[in-house]
Amino acid sequence: GALPPEYCLWQRRGLCEGPVCCEGWQSLTHERTSGLVELSRYITTIRNGTASILPKPRTITRNMIIGTYSSQECIDNDDGSAWYNTTHNVLAYAQYGMKSDFGGWQNHHTHNLYAYVCSCYGEGADDVFTNNTCVVRSGGGCQFWPPYASDAATRSGPPATNFLVGDNTVCTTSGNVTVGPYRNISLADWVAAGHDSNSVAKTLPSDDELRQQVRAMLVV
């Protein structure tokens, strides 16, 4: 069995491939659709020396995780998963970028490259999604979330409480991104109205441009 996630405060510089290639707490029979899955339900003193169910924030950085075999997401932060700083990773081919629904919260995704996903994220309370590049594959949009929700309401409801989003680059085949319950508001207009500061929509990068971004992200 896997050690409790408190024993691993860093997941750094790794290559992960497959539907489940690394795990925190959950067994391999649970969430076979993801790359890394975890639950934060341990009492430890690691955070500040006092016994608490609130863990010390853990960092996942400088990894390349490839979501093969129809992976739902590369990192699964749902079902109460919390207190993760996921930064400077390349997360490729899964359905979703950040997934933090069903009680996921306090998950911060920053400075990541999400390559060929159908939806950039599904957020939870107190989550952060900033300074990321999200390359949306042709068609875009998954069962639950649009290609990029920004901080607008969707057909699933309003954005999560205290969700922070901004400074993201969203790449699509058309170079356009629309938000709102009926996806009838351009991202540019939404940002101009005071939402999702500095986020922009662009066309898809070329293969060479994407390779350069991957190398820069992983410092290869």
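Reader: How many aromatic pairs does a search of the whole structure find?
Author: The search finds six aromatic pairs. Keep in mind that this is a predicted model.

Reader: Why is the pair of tyrosine 114 and phenylalanine 129 called stacked?
Author: Their ring centres lie 5.4 Å apart and their planes meet at 25 degrees. Rings pair if their centres lie within 6.5 Å, and planes under 30 degrees apart count as stacked. So the pair is stacked.

Reader: What makes this pair a tie between parts of the sequence?
Author: Tyrosine 114 sits in strand E12 (residues 113-117), and phenylalanine 129 sits in strand E14 (residues 128-130). The pair therefore ties together parts 15 residues apart in sequence.

Reader: Is phenylalanine 129 buried or exposed, and why?
Author: Its relative accessibility is 0%. Buried means under 20%, so phenylalanine 129 counts as buried.

Reader: Why is the pair of tyrosine 121 and phenylalanine 163 called tilted?
Author: The ring centres are 5.3 Å apart, with the planes at 50 degrees. Stacked needs under 30 degrees and edge-to-face over 60. So this pair is tilted.

Reader: Where do tyrosine 121 and phenylalanine 163 lie?
Author: Tyrosine 121 is in strand E13 (residues 119-122). Phenylalanine 163 is in the loop between strand E15 (133-136) and strand E16 (164-166).

Reader: Which residues do ring pairs link into a cluster?
Author: The cluster holds Tyr114, Tyr121, Phe129, Tyr148 and Phe163.

Reader: Why does isoleucine 53 count as exposed?
Author: Its relative accessibility is 54%. Exposed means over 50%, so isoleucine 53 qualifies. With Ile43 and Leu54, Ile53 makes a nonpolar surface patch of about 300 Å².

How values were computed:
Residues are numbered from 1 along each chain as its sequence is written. This is a predicted model: local features need pLDDT of at least 70, side-chain atom pairs count only at pLDDT 80 or more; totals for chains, interfaces and linings use all residues. Side-chain values use heavy atoms; hydrogens and water are left out. Patches are made of residues with over 30% relative accessible area and no salt bridge: like charges are joined within 9 Å, nonpolar side chains (Val, Leu, Ile, Met, Phe, Trp, Tyr) within 5 Å. Accessible areas come from the Shrake-Rupley method with a 1.4 Å probe; for residues, only the protein chains shown count as cover. A salt bridge is a side-chain nitrogen of Lys or Arg within 4 Å of a carboxyl oxygen of Asp or Glu. Buried means under 20% relative accessible area, exposed over 50%, partly exposed in between (1.4 Å probe, protein chains only). Helices (H or I, at least four residues) and strands (E, at least two) are DSSP runs, numbered from the N terminus.
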